[in-house]
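Have the structure open and follow along.

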Amino acid sequence: MKQRRPILFPIFCGLVYAFLLAPILVVVGASFSAGAFLAFPPQGLSLRWYEAFFGNEVFVTAIWTSLQVATIATLVSAAIGTAAALYHARHAGRAKEAIRIAVLAPLLLPEVLTAIALLFFFYAIGIGTRNLVALVTGHVLITLPFVFMNVSASLQGFDRSWELAARSLGARPWRVFVRITLPLIKPGLIGGCLFAFIISFDTFAISFLLKDVGTSTLPIQLFDYLRLNFTPEAAAVSTISIVMTLLVVVVTEKVLGLKVQRF
């Protein structure tokens, strides 16, 4: 048995990966179908449904809306989550566990309950869903825990002597943060932002209940489309969404130098 483990383990991992990637490969394959209905294996190969997508202003607008909301939510979550993680690690004291539970609370509840609660709240204070405020707030609420957790993990092995040395040399607190703290927690911050962006881009329940009339994110628009149509254009839209997510990860890695940090 001891001799078989090195062989069986890679095979087992390969089967797990194949199981996880199979639905994605089916969707990508179906998007190149030449048939009129969504089916797999594809009925011939064609790019007609990608042409239909780029000519569909509704889908293009939905993707642009999703990108806007996801970008704003990620930036806000990065700022609040980093500040909360720093306070939690250094100044929380006895309230440390309470703060952690409060920040992670949105992960403990079903997303639809959070969306309903926010919907009642925004109408109670008179804001409603007339603009993107309610929608972005909902996305920030569900993405904030991921930034907080990743930055908190980076702070676990943080050596504060670097900061103290910089302060002793006359550096102001903001300069210490930018030149010392931020580079050291960068892997956790980038990882948290990636999680936040992907989750915000793909979330459905929050967007469905908090969107304004006439505003649709990509998951909502795809849901509305599939209720009345069952063409490979839906697979083409999903494939483009997958490619955009991969591009975000690759560009982030190349531009910001994302590295895996172990603790």
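Start with the bend: α4 has a kink of about 35 degrees at Ala102, shortly before the proline Pro106. The bend here is the angle between axes fitted to the seven residues ending at a residue and the seven starting there. Bear in mind that this is a predicted model, where local features need pLDDT of at least 70, side-chain atom pairs count only at pLDDT 80 or more, and totals for chains, interfaces and linings use all residues. Numbering runs from 1 along each chain as its sequence is written, and side-chain values use heavy atoms, with hydrogens and water left out.

Helix α4 covers residues 96–108, 13 residues in total, and reaches 18 Å from its first C-alpha to its last, close to the 18 Å expected at 1.5 Å a residue. That expected span is 1.5 Å times one less than the number of residues. Helices (H or I, at least four residues) are DSSP runs, numbered from the N terminus. Ala102 itself is exposed, with a relative accessible area of 52%, while the buried residues of α4 are Val103, Leu104 and Pro106. Buried means under 20% relative accessible area, exposed over 50% and partly exposed in between, using a 1.4 Å probe and protein chains only.

What sits over those buried residues? The cover includes α5 (111–124) and α6 (132–156). α4 and α6 pack at about 130 degrees, with their axes 7 Å apart, and are therefore oblique to each other. Axes are lines fitted to C-alpha atoms, for helices over the stretch in contact, and angles run from 0 to 180 degrees between N-to-C directions. Under 35 degrees counts as roughly parallel, over 145 as roughly antiparallel, 65 to 115 as roughly perpendicular, and the rest as oblique. On the α4 side, Arg100, Val103, Leu104, Pro106 and Leu107 meet α6 residues including Leu141, Pro145 and Met149; contact means heavy atoms within 4.5 Å.

Now follow α6 to its other partner here. α6 and helix α8 (residues 173–202) pack at about 160 degrees, with their axes 8 Å apart, which makes α6 roughly antiparallel to α8. Among the residues making this contact are His139, Phe146 and Leu155 of α6 and Ile185, Gly188 and Phe195 of α8.

One last stop is Ser66, in helix α3 (residues 57–90). Ser66 is buried, with a relative accessible area of 2%. Leaving out residues up to four places away in sequence, Ser66 touches Phe201, Thr217, Leu218 and Pro219.

Technical notes: Helix = DSSP H or I, 4+ residues; strand = E, 2+ residues; numbered from the N terminus.
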